[in-house]
Amino acid sequence: MIDVDDVGVQAGDHWLFRGLGWRVGAEECLALVGPNGSGKSTMLRCLYGTQQPTEGVVTVGGEVPDERQRDFRRAVSTLLDDSDFFAELTPVQHLDLIAGSFGVELDYDALLADAGLNERATVAAGQFSAGQRRRLLLLGATARPFDVLLLDEPERALDAAGKEWLTEVVARAVESGAAVVLATHHPPLLASADQVVELG
């Protein structure tokens, strides 16, 4: 599903990373770890096609990643460091957008209860706390159909219950047949990953 072949990214005279090579198949999860500035977010952007590696080849689904392509965006779901939500829309309205965009039926009540947002279902997201916003972003990334899931430190701003929910969501994504790559410091996510790649 995902192939990284001798990939490196250079920033000025400095290499963030070099010589990376790994594969992630369906029903597999790979975790990227490393200190801040080691290139975890950069690697995820390379997988989504918003950044090109300096050397080496990245393919997702047999193709070079390109988030400008409609079919690629439908197959690959992301929560990256620049992901955002619609502050004026409620969680229900966010789910309406997903259902309409992907032509799927969603069990709103079950999804919102699972994410711990059922009591905020009709409240504009701009009024949410940081943790609630993170839950909404994760819900948006995982309620839609996808073959590949890319997550950049998804545990950020989540409380203990939110992190437990996140770990379950990632496990369900893998069980459903997706290939998952995430940058994380969260021990339960690292423990459940099939591969761990250290940068830096």
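Predicted model: local features only at pLDDT ≥ 70, side-chain atom pairs only at ≥ 80, totals over all residues.

**Stop one: I2.** Select I2, which is found in strand β1 (residues 2-11). Is I2 buried or exposed? It's buried, because its relative accessible area is 0% and buried means under 20%. Now show what surrounds it: setting aside neighbours within four places in sequence, I2 is in contact with W22, R23, V24, L47, T59, V60, V148, A179 and V181. Then try F72: I2 and F72 are 70 residues apart in sequence, and their C-alpha atoms are 13 Å apart in space.

**Stop two: R144.** Next, pick R144, in the loop between α5 (130-142) and β6 (148-152). R144 is buried, yet it has no salt bridge. Which side chain of opposite charge is nearest to R144? That's D147, 7.9 Å away. So what does the R144 side chain reach? Look for the backbone oxygen of R73 at 2.9 Å and the backbone oxygen of R74 at 2.5 Å. Leaving out neighbours within four places in sequence, the contacts of R144 also include A75, V76, S77, I98 and F102.

**Stop three: helix α6.** Select residues 160-175, which make up helix α6. At 1.5 Å a residue, its 16 residues should span 22 Å, and the end C-alpha atoms are 23 Å apart, so the two agree. Colour its buried residues: G162, W165, L166, T167, V169, V170, A173 and V174. They pack against β3 (28-33), α4 (108-114), α5, β6, β7 (179-183) and α7 (187-192).

Key
Residues numbered from 1 in each chain as written. Heavy atoms only, no water. Helix = DSSP H or I, 4+ residues; strand = E, 2+ residues; numbered from the N terminus. Buried < 20%, exposed > 50% of the residue type's maximum accessible area, 1.4 Å probe, protein only. Lys, Arg positive; Asp, Glu negative; His and termini not counted. Salt bridge = Lys/Arg side-chain N within 4 Å of Asp/Glu carboxyl O. Polar contact = N/O pair within 3.5 Å; in protein donor to acceptor, adjacent residues only side chain to side chain. Contact = heavy atoms within 4.5 Å. Expected span 1.5 Å × (residues − 1).
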